[in-house]
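User: I am new to reading protein models, and I would like to learn how to look at one feature after another. Could you take me through this one slowly?

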Amino acid sequence: MNRFKTIVLAVLFTAFTVSVSAQEYFMHTVTQGQGLYSISRMYGVTEDDIIKLNPGSEKVIRTGQELRIPNRSQTSSGRFHTIQKGETLYRLSVENRISVKELCDANPGLSAQNFKIGQVITIPAPSDEDPLASTIENAGQDAPKSIVEDVQAMLSDTARFKTTHVVRKRETIFRICRNYDISQSEFLAANPEFRYTKLRQGAVVNIPFTQKELEQRRQRQTAAQTRMESVSDSTLFSLNERSKEKEDDGIITAALILPFSLNDSTTTLQKQMIEFYQGVMMALDKLKDENVSVTLKVFDSEGEDTPIEPLLESGKLDDVDIIFGPRFTSHISAVSRWSTAHQVPLVPLIINSNFDDVFNNPYVYQLNPSQSYYLQETYNHFLEQFPNPNVILLDADEFKKNDFIDGLRHVLNERDIPLTTLMVDTAHQQIMDTLVADKQNIFIINTDGSEPLNTMLPVLQLINRTKAPEIETHLFGYPRYQTYATDHLEEFYEVDTWFYSWFYTNNMLQESVEFNNMFRRSFSRQMLISYPSYASYGYDAGYYFLKGLATYGKDLPDHLDDISFDPVQMGFKFERVNNWGGFMNRKVFFVHFSNDFRIEKIDFDK
């Protein structure tokens, strides 16, 4: 199969016009959760660049909307392309002078199911690789014989001449032409040096194809080309997947890269990182009971200004199957580049959700959702939980900027759902007058700060006690509300409080009680009080990914929803952010302090 490397580009490129055009822009279709920030980072442009081509997008963009994106990525590394009507995987590979394998590898999120009009893909720089040779060669005996035969046919038809001939004693051009059924002009065109030089015995001359043979050859090439074009995208994707399959030795090696800073004095961050490590160790104990063995390598990345490159260049990570960490932004980009080069899954421990590497590294798994993604999930769940709402926004005048409220206004307006705005110091009776008997009356304060909440809780309690029994009321809030629960537990119960969050820890829930007891038995102390709980964070992430690797190996990206696990604090709902990028966790819970004194953690995906 190595002779496929000799390529048939000359034959293939006669069938198509190479169309690597320098378009000023390409089209992007907005998917759920995407905002200007994430789209701009995805394509390496600024938000202002997008706004200039799409006036009005600075105010709002909608799922399904098409945006013009400036095409500034036509560099040596490749470019972006929107799939057009009639384009196939094979045609794109030929037109852009890359192999099918290169195109698939550059877009790991692309499949036969989503290869369709409007999808944006990244096209690598031309390599002059044959469109099928590398894919078929790596697929080996799994490649269909008909495809192999067609490629071989096209390879064999690339010879310039039919054969060569060694001139015998007293042999003339006339005799050679007669023996091979060619004209003297055809002979001289193939051997121009003999126009003015006599044939000599032993000379090697080229014998051209006859016109009839050329026509037969052209017909064979056309037929083979037609058959190649008819190969389905699903077949080509399947061949590429087979070419990537590797033997798995069944041993998992994980690396943990965190700022333990063990040589420094104890800090809150250091304690949190140690607890994350202890949570991972608890996950390893559970996996051991399930006959899953993991080798864990632990590295201290020290301070934010400590360079991470010496570790990456040391070779100590060369055998790892997954990396948890690092924590600091200054380290993440370097480790992400290493992850891409070595094709190793990376689970960075970031708290700031504005993390750009997820948009361009297919091996990144972002645990805490980017705001635009998880807010969209929150709105969806809000309308699922409250299908008939009457929203009453309580405005604390000094708190004006709130992305959740801005997005909610837009969602409610699109669906003609009423929203009334009152100040937090509005009189009790005026608030009562906004309640509607046949709707779900939902109070939302426009900030997650504690002062406006402290002001409003007594008012909401009074409303709850004086309203008619048939009138339904709720308080809806923010992730930070879980930090207020200890001080306001009775009030939260009475006013029927809800809030959204991508994580939730409460020692009144059974799973939290059991985990706290297990932690105390393992380490002879109580966990730190923090939001999120880092021990639970390490346990949930460690178990989920290591269990997934043990079960599915290299196929983990295709089975992220199939990992059986009941997490303590967080959940997992991973989706690729684009065809060439990594995975975003879009899981959002609703937590409910009900007026019958129960706490519920609601997972809408179960």
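Analyst: Val391 stands opposite Ile442 in strand S14. Please keep in mind that this is a predicted model, in which local features need pLDDT of at least 70 and side-chain atom pairs count only at pLDDT 80 or more, while totals for chains, interfaces and linings use all residues. Residues are numbered from 1 along each chain as its sequence is written, and side-chain values use heavy atoms, with hydrogens and water left out.

User: Which strands does S12 pair with, and how many bridges join them?

Analyst: Strands (E, at least two residues) and helices (H or I, at least four) are DSSP runs, numbered from the N terminus, and two strands pair if DSSP finds at least two bridges between them. Here S12 is joined to S14 (residues 440-445) by six bridges, and the two run parallel. Five bridges join S12 to S13 (residues 419-423), also in parallel, and in S13 the bridge partner of Asp395 is Met423.

User: Is S12 buried or exposed?

Analyst: Buried means under 20% relative accessible area, exposed over 50%, and partly exposed in between, with a 1.4 Å probe and protein chains only. In S12 (residues 389-395), seven of the seven residues are buried, so the strand is largely enclosed by the rest of the structure. Pro389, Val391, Leu393 and Asp395 point one way, whereas Asn390, Ile392 and Leu394 point the other way.

User: What kind of aromatic pair do Tyr544 and Phe572 form?

Analyst: Rings of Phe, Tyr and Trp (its six-membered ring) pair if their centres lie within 6.5 Å; planes under 30 degrees apart count as stacked, over 60 as edge-to-face and the rest as tilted. The structure holds 48 aromatic pairs. Tyr544 and Phe572 are stacked, at 4.1 Å centre to centre with 20° between the planes. This pair links distant parts of the chain, since Tyr544 lies in helix H22 (residues 534-552) and Phe572 in the loop between H22 and strand S17 (574-576), 28 residues apart. Phe572 also stacks with Phe574, at 6.0 Å and 15°. Phe572 is buried, with a relative accessible area of 13%, and Phe574 is buried too, at 6%.

User: Where does the charged end of Lys601 sit?

Analyst: A charge sits over a ring if NZ of Lys or CZ of Arg is within 6 Å of the ring centre and within 35 degrees of the ring normal. The charged end of Lys601 sits over the ring of Phe589, 4.5 Å from its centre.
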